[in-house]
Amino acid sequence: MRDDDLRPSDNIEDRRGMGGGFGGGGFRMGRGGLGVGTIIGLGLLGWVLGINPLVLIEGAQMVAGGGQPQMTAPQGRTGAPVDQTGNFVARVLGETEDVWSEVLPAQTNRPYVPPKLVLFSGATQSACGTAQSATGPFYCPIDRKVYLDTAFFQDMKRRLGGGGDFAYAYVIAHEVGHHVQNLLGILPKVQAAQRAASNRTEANEYSVRTELMADCLAGVWAYWMNRRHANIDESDVRQAVATASAIGDDRLQRAAQGYVVPDSFTHGSAEQRVRWLTTGLKGGSVSACDTFRTQ
């Protein structure tokens, strides 16, 4: 994937190296704080059980530290970073802004208001709780920010068998897809439906449909980016498809515990994630991403 002609976004808050990690000024562990291995284990457990890993991790921190975790939000440097990885993220974010500013009004008659993206190292504070590198990138609808520890890209290579610029761009575009869902009023409806769900399986089903739609919206973005720049090819698409497959709930559960529990899926199977990503890639249509109508 070529990114040299993509416009870097200034909607970046760079908290890397600003004391956001364990024992630093952003998230400070109390006496008896959790180790990194424990946090990673809780993150995997959250994926398996269909529970937001942030809930498990913060609960464990309270037990270990004897009280509420202390948090401060460092004021990150704003603007496009100059280092290679940070600048790549800024260019992908800029292209999401340029594409969605055209596509969202044209296809849904809704204006696009871009999110901010927070780069951090290890841990930092978000309006949705403590952002940890172990939980992976996520979008917080409360503060309308995407949180990303770029070390996740290295994890994609080592643990998930993914990697490559377009695969990394897909991860960012997926989180921006959640922002698009928020702008369309979908996320509040999903949250209300989950609260009204009669059991965990039903609540998880709403989560799966939400995540698959974000995969599809990432594909929509890639379709229009390629129309604008002709900057991805079949090998790039294979990278993204391999990543989507690797982070399917069935693959993650089998790797973590040796068997699969479909009722606990929160993001969708490998087959579902690949199918919805390619649905967006093929036609660039937001309406084709209605996972709540069909899976």
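Is Cys 140 buried or exposed at its relative accessibility? At 0% relative accessibility, Cys 140 counts as buried, where buried denotes under 20% relative accessible area, exposed over 50%, and partly exposed the range in between, computed with a 1.4 Å probe and protein chains only. The structure is a predicted model, in which local features need pLDDT of at least 70, side-chain atom pairs count only at pLDDT 80 or more, and totals for chains, interfaces and linings use all residues. Residues are numbered from 1 along each chain as its sequence is written, and side-chain values use heavy atoms, with hydrogens and water left out.

The protein chain contains 10 helices and nine strands, these elements being DSSP runs numbered from the N terminus (helices H or I, at least four residues; strands E, at least two). Of the 295 residues in the protein chain, 53% are buried. The accessible surface of the protein chain comes to about 12600 Å², and carbon and sulfur atoms hold 52% of this area; accessible areas come from the Shrake-Rupley method with a 1.4 Å probe, and for residues only the protein chains shown count as cover. Among the contacts in the protein chain with a separation of 6 or more, 74% are accounted for by residues 24 or more positions apart, a contact being defined by heavy atoms within 4.5 Å.

A search of the whole structure finds two disulfides, each identified as a pair of cysteine sulfur atoms within 2.5 Å. When the bonded cysteines of the protein chain are numbered in sequence order, the pairing reads 1-2, 3-4. Because Cys 128 lies in the loop between strand E6 (123–126) and strand E7 (129–132), while Cys 140 lies in strand E8 (residues 138–140), the pair ties together parts that are 12 residues apart in sequence. Cys 128 counts as partly exposed at 28% relative accessibility, whereas Cys 140 is buried.

The other disulfide is formed by Cys 216 and Cys 289, whose sulfur atoms are 2.1 Å apart, and the link of Cys 216 and Cys 289 is left-handed, with -70° about the S-S bond. Cys 216 belongs to helix H7 (residues 200–229) and Cys 289 to the segment after helix H10 (270–283), so this pair ties together parts that are 73 residues apart in sequence. Both Cys 216 and Cys 289 are buried.

Helix H7 also holds Thr 210, which counts as buried at 7% relative accessibility. When residues up to four places away in sequence are not counted, Thr 210 touches His 178, Gln 181, Leu 187, Val 190 and Phe 292. In helix H5 lies Tyr 170, which is buried at 3% relative accessibility. The C-alpha atom of Tyr 170 is separated by 6.4 Å from that of Ala 240, although these two residues are 70 residues apart along the chain.

Backbone geometry was also examined. Most residues other than glycine have a negative phi. Asn 109, although not a glycine, has a positive phi of about 60°; Asn 109 is found in the loop between H3 and strand E5 (116–119) and is exposed, with a relative accessible area of 68%. Ala 230, likewise not a glycine, has a positive phi of about 50°. Ala 230 is placed in the loop between H7 and helix H8 (234–246), and Ala 230 counts as exposed at 57% relative accessibility.

The second largest pocket has a volume of about 210 Å³. On a 1 Å grid over the protein atoms alone, a pocket is an open set of points where a 1.4 Å probe fits, with protein on both sides within 12 Å along at least five of seven lines, and lining residues have an atom within 4 Å of a point; grid points are joined across faces, edges and corners, and the volume is the space filled by probe spheres set on the points. The second largest pocket is lined by Asp 3, Gln 84, Thr 85, Asn 87, Phe 88, Thr 150, Phe 153, Gln 154, Asp 165 and Tyr 168. Two or more residues of this lining come from each of helix H3 (84–108), helix H4 (151–158) and helix H5 (165–183), and H3 gives the most, with four residues. The lining divides into three nonpolar, five polar and two charged residues, where Ala, Val, Leu, Ile, Met, Phe, Trp, Tyr, Cys and Pro count as nonpolar, Asp, Glu, Lys and Arg as charged, and the others, Gly among them, as polar.
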